[in-house]
Amino acid sequence: TGLHAALAHARPDALLLDLRMPQVDGMSVLAAALATDSALSVIIMTGHGSVESAVRAIREGAFDYVTKPFSGEQLVLAVDRAVRYRGLTLENRALRQQVTEDVLSSRIVGSSPALAAALSHVRRVAPSDANVLVLGESGTGKELVARCIHELSPRRSGPFVPIDCAALPENLLESELFGHERGAFTGAVARTRGLLVEAGKGTVFLDEIAELSPPLQAKLLRALEERKIRPVGGKDLVAIDVRLVAATSVDLEEAVRTGRFRADLFFRLNVVPIEIPPLRARLGDLAELFQRFLHEFARHTGREAPRVSPEALSALEAYHWPGNVRELRNLAQRLVVLDEDGRITLADLPESIRGWPATPDAPGGPPPPYERAREHAMAEFFRQYVRRLLDFHGGNISRAAAAAGVSRRTVHRWLADLGQSSGRTG
């Protein structure tokens, strides 16, 4: 504890360390020093008969060693190299951090707490090779997050291969993923390697992975465990070297509980879960997002981005955005295409946004469109149900989840959507 405090206070560029000291083991000091500052350059001082120990110390993270007796000039040279090496290490670390922030800021807009928590996980997991499960509603930007993970990983020079598991029929999806041999089925006129092989040294993004059939779930699990695949109609195994990022908009824990998704595959995928908040949970980011989209589409048309009136912006921030960021982006494109006077006013917005929230049974007035009335009723039911559920169970998340027949994660997400506190978990 004293060493940690001393190093944290002094913040040295280099540390001279003797492995043999009367009251403390030098290797323990080395471990403690590097735990305090991983970029610290440690120079080991050792006798001729203890060079093997010094080499072991270098394997444990020391920068260099000098053997006794050494001259002042030798020591100065060793310290000079150590200080310069530390400078390069810190500079490279700062550059990597800047690259990380540049990638994230260029692709993902927003600074809300909910988004910041997700991006913090992205920063930490990207440099590793761990499987990642991205969770979030449709339109929240799960593929965008997956691309950021790839671009910030050591596999960035390899391909990024997105696959929508919900868009392909089972037989075609199996062939796309694992490849097939010639003649394996009708129409297989040539051998295909499959995307898990084609994406070698890169990242495969499996979107809506909950849509995989049980047989494909089993085959994917074997591929992840063995790092080998067997093409459709093939006999030989083929090695693969890919990182897997999966995404889903459904509650996989609930799917496991109901038997719709394999528990062993879920645990294999869920090494690092990252939950992307819906747009209604990060409305503080909406204005910046909307401006980014307006400028993007205006630039494509060679025009200036239209100005947004305060009334229009207020209506956008009051809307519930069931389609999330994708819906906002599509609206921005529509408004730029239809823009005639360089301004976006309340009248330019769709009626479903201008009139949200609406009271379906307002006395004396005509009924609203069916979809808007249904959305309003569902939103009101959702608010009342979650409030009654938590009130009845005294705010206990575990008991509320069990009573509702859902996972604790789902209840936490409900509360986040409503902007409420998380209650008690015990």
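**Close-up views of a predicted model**

**View A. Helix α3 on strands β2 and β3.** In this predicted model, helix α3, formed by residues 51–59, lies across β2 and β3. The direction of helix α3 makes an angle of about 165° with β3.

**View B. The three-stranded sheet.** Three strands form an open sheet in the order β1-β2-β3, and their pairing is parallel. From one strand to the next, the twist averages 25°.

**View C. Helix α2 on the sheet.** Helix α2, comprising residues 26–36, packs on the sheet and touches β1 and β2. Its direction makes about 165° with that of β1.

**View D. Pairing of β2 with β3.** Strands of a sheet pair through backbone hydrogen bonds, in either a parallel or an antiparallel manner. Strand β2 (residues 41–46) runs parallel to β3, and four bridges join the two. Ile44 stands opposite Tyr65, a residue of β3.

View E. Met378 lies in helix α16, which spans residues 370–392. The relative accessible area of Met378 is 47%; because this value falls between the 20% limit for buried and the 50% limit for exposed residues, Met378 is classed as partly exposed.

Note on methods
Residues numbered from 1 in each chain as written. Predicted model: local features only at pLDDT ≥ 70, side-chain atom pairs only at ≥ 80, totals over all residues. Heavy atoms only, no water. Buried < 20%, exposed > 50% of the residue type's maximum accessible area, 1.4 Å probe, protein only. Pairing = 2+ DSSP bridges. Axes fitted to C-alpha atoms, helices over the stretch in contact; angles between N-to-C directions. Contact = heavy atoms within 4.5 Å.
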